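The sequence and the coordinates come next, and the discussion follows them.

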Amino acid sequence: ALVNSRWRLIRMGSANAPTEVDLSVNATLRFGESGQVNGHSGCNSFGGEHRVQGRALHITNLFSTAMACAEEDRMHLERDYLQALQSASSFQLDGDTLTIFYDGQAGALVFSRFALE
């Protein structure tokens, strides 16, 4: 269900009440074929691998470009986003909304689907 899908981060934080993300940050996530994952984290592009087993999701071997952001807030969001992806444990897909749970289900990344270009 995730292969060849593309997502934009809209909320992140506590699984009970994730906060809105500034959409101008343009944090994205794409699940490719053969277990690839990539996207944009606010300042940099990233890539890595993903594995899905039922509702379990693991994202590993993340790497990213190393450009600095002009805004410190954006750099913090980028760091938190990439750390959350690396600690992903499960996901929930509900129509055009994807929620990835991380930090032992304590945190959530909420995404909205958007079309591949």
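## Salt bridges, disulfide and core

At a relative accessibility of 33%, Arg113 counts as partly exposed. This value, like the others here, comes from a predicted model. Arg113 forms a salt bridge with Asp96, and the closest N and O atoms of the two are 3.1 Å apart. Because Arg113 lies in strand β9 (residues 107-113) while Asp96 lies in the loop between β7 (88-94) and β8 (97-102), this pair ties together parts that are 17 residues apart in sequence.

The count of salt bridges comes to three, and the table sets them side by side.

| Salt bridge | Closest N to O distance |
|---|---|
| Arg74 and Glu71 | 3.5 Å |
| Arg113 and Asp96 | 3.1 Å |

Glu71, the partner of Arg74, is partly exposed, with a relative accessible area of 42%.

### Strand β9 and its neighbours

Which strands pair with β9, and how do they run? Strand β1 (residues 5-14) is joined to β9 by seven bridges, and the two run antiparallel; β8 is joined to β9 by six bridges, again in an antiparallel arrangement. Arg113, the residue of the salt bridge to Asp96, is the bridge partner in β9 of Trp7, whereas Leu109 is the partner in β9 of Ile100. Five of the seven residues of β9 are buried, and the strand is therefore largely enclosed by the rest of the structure.

The hairpin of β8 and β9 has four residues between its strands, and Asp103 takes a positive phi near 50° there. Most residues other than glycine have a negative phi. Gln105, in the loop between β8 and β9, also has a positive phi, of about 75°, although it is not a glycine; its relative accessibility of 41% makes Gln105 partly exposed. Elsewhere, in the loop between β2 (19-20) and β3 (28-31), Asn26 has a positive phi near 55°, and Asn26 counts as partly exposed at 31% relative accessibility.

The structure holds one disulfide, which joins Cys43 to Cys69 with an S to S distance of 0.8 Å in the model. Cys43 lies in the loop between β4 (36-40) and β5 (45-53), and Cys69 in the loop between β6 (56-64) and α1 (72-86), so the pair ties together parts that are 26 residues apart in sequence. The torsion about the S-S bond of Cys43 and Cys69 is about 70°, and the disulfide is therefore right-handed. Both Cys43 and Cys69 are buried.

The side chain of Asn44 reaches the backbone nitrogen of Met67 at 2.6 Å. Leaving aside residues up to four places away in sequence, Asn44 touches Gly39, Ser64, Thr65, Ala66, Met67 and Glu78.

### The largest nonpolar core

How many residues make up the largest nonpolar core, and which of them have the most contacts inside it? This core has 26 residues, and those with the most contacts inside it are Leu29, Phe31, Tyr81, Leu85, Ile100, Leu109 and Phe111. The elements that give two or more residues to this core are β1, β3, β6, α1, β7, β8 and β9, and α1 gives the most, with five residues. Ile100 and Leu109, both named among the core residues with the most contacts, are also the bridge partners described above for the pairing with β9.

Leu29 shows how such a residue is surrounded. When residues up to four places away in sequence are not counted, Leu29 touches Ser5, Arg6, Trp7, Val37, Asn38, Gly39, Phe46, Tyr81, Leu85, Ile100 and Phe111. Among these contacts of Leu29 are Tyr81, Leu85, Ile100 and Phe111, which are likewise listed among the residues with the most contacts inside the core. Trp7, another contact of Leu29, is the residue whose bridge partner in β9 is Arg113.

Conventions. Residues numbered from 1 in each chain as written. Predicted model: local features only at pLDDT ≥ 70, side-chain atom pairs only at ≥ 80, totals over all residues. Heavy atoms only, no water. Salt bridge = Lys/Arg side-chain N within 4 Å of Asp/Glu carboxyl O. Buried < 20%, exposed > 50% of the residue type's maximum accessible area, 1.4 Å probe, protein only. Disulfide = S-S within 2.5 Å. Pairing = 2+ DSSP bridges. Polar contact = N/O pair within 3.5 Å; in protein donor to acceptor, adjacent residues only side chain to side chain. Contact = heavy atoms within 4.5 Å. Core = buried A, V, L, I, M, F, W, Y, C linked by side-chain atoms within 4.5 Å.
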